[in-house]
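Here is a short report on one protein chain. Please keep the sequence and the 3D view open while reading.

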Amino acid sequence: MQIRREAIAGTLESSDVLIKMEPSGHPLEVILSSPVKAQYGASIEAQVRQWLNEAGVSVGRVELEDKGALDCTIMARLKTCLARASEPEKAEGGQA
């Protein structure tokens with residue numbers, strides 16, 4: 001998969017995560033903001049990178065604003081965001 005356009009998934013509610021993706025001409029960049037970053041940041045980032053690598057994503061920018069989400073919630077939001085980001089841009093006038 002490829003990040004073709006900007007996309008967002010999730011919320012800033014407690015126990016959730018807001019994920020933003022955008023295309024970039026640079027190697028994959030993962031930016032994490034979390035109240036538990038000191039304790040779990042490396043693990044969260046490693047899991048995100050692993051899943052994106054398995055999905056074939058090697059280029060782009062991914063920002064996570066974590067609010068205490070469980071791993072399963074992070075992965076669900078990540079999959080949703082990637083599905084949205086990998087859709088081709090719609091042409092002007094509503095034609096694809």
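## Cysteines

A disulfide is a pair of cysteine sulfur atoms within 2.5 Å, and by this rule the count is zero. Cys72 is in no disulfide, since the nearest cysteine sulfur, that of Cys81, is 17 Å away. That distance is too far for a bond.

Are these two cysteines buried or exposed? Buried means under 20% relative accessible area, exposed over 50%, and partly exposed in between, with a 1.4 Å probe and protein chains only. Cys72 is exposed, at 54%, whereas Cys81 is buried, at 0%.

## Basis of the model

This is a predicted model, in which local features need pLDDT of at least 70 and side-chain atom pairs count only at pLDDT 80 or more, while totals for chains, interfaces and linings use all residues. Residues are numbered from 1 along each chain as its sequence is written, and side-chain values use heavy atoms, with hydrogens and water left out.

## The sheet

Helices (H or I, at least four residues) and strands (E, at least two) are DSSP runs, numbered from the N terminus. Two strands pair if DSSP finds at least two bridges between them. Four strands form an open sheet in the order S1-S2-S4-S3, with mixed pairing. S1 and S3 stand at the edges with a single partner strand each, so one side of each has no neighbour in the sheet. From one strand to the next, the twist averages 20°. Angles here run from 0 to 180 degrees between N-to-C directions, and axes are lines fitted to C-alpha atoms, for helices over the stretch in contact.

S1 and S2 are antiparallel and share three bridges. Ala9 has Ile19, in S2, as its bridge partner.

## The helices

Contact means heavy atoms within 4.5 Å. H1 packs on the sheet, where it touches S2, S3 and S4, and its direction makes about 145° with that of S3. H2 lies across S1, S2 and S4 and runs at about 50° to S2.

H1 has 18 residues and spans 23 Å from its first C-alpha to its last, close to the 26 Å expected at 1.5 Å a residue; the expected span is 1.5 Å times one less than the number of residues. Its buried residues are Gly41, Ile44, Val48, Trp51 and Leu52. Their cover includes S2, S3, S4 and H2. After H1 comes Gly56, with a positive phi near 85°.

## The nonpolar core

A nonpolar core is a set of buried Ala, Val, Leu, Ile, Met, Phe, Trp, Tyr and Cys residues joined through side-chain atoms within 4.5 Å. The largest one has 24 residues, of which Met21, Val48, Leu52, Val62, Leu64 and Leu78 touch the most other members. Two or more residues each come from S1 (7–9), S2 (17–27), S3 (29–33), H1 (37–54), S4 (59–66) and H2 (71–85). H2 gives the most, with six residues.

Which residues does Leu52 contact, leaving aside neighbours within four places in sequence? They are Met21, Leu28, Val57, Val62, Leu78 and Leu82.

Asp16 lies in the loop between S1 and S2 and is buried, with a relative accessible area of 6%. Not counting residues up to four places away in sequence, Asp16 touches several residues, including Gly10, Glu65, Lys67, Thr73 and Arg77.

Gln2 is in the segment before S1. The C-alpha atoms of Gln2 and Ala83 are separated by 9.4 Å, although these residues are 81 residues apart along the chain. Beyond its neighbours within four places in sequence, Gln2 contacts Ala85 and Ser86.
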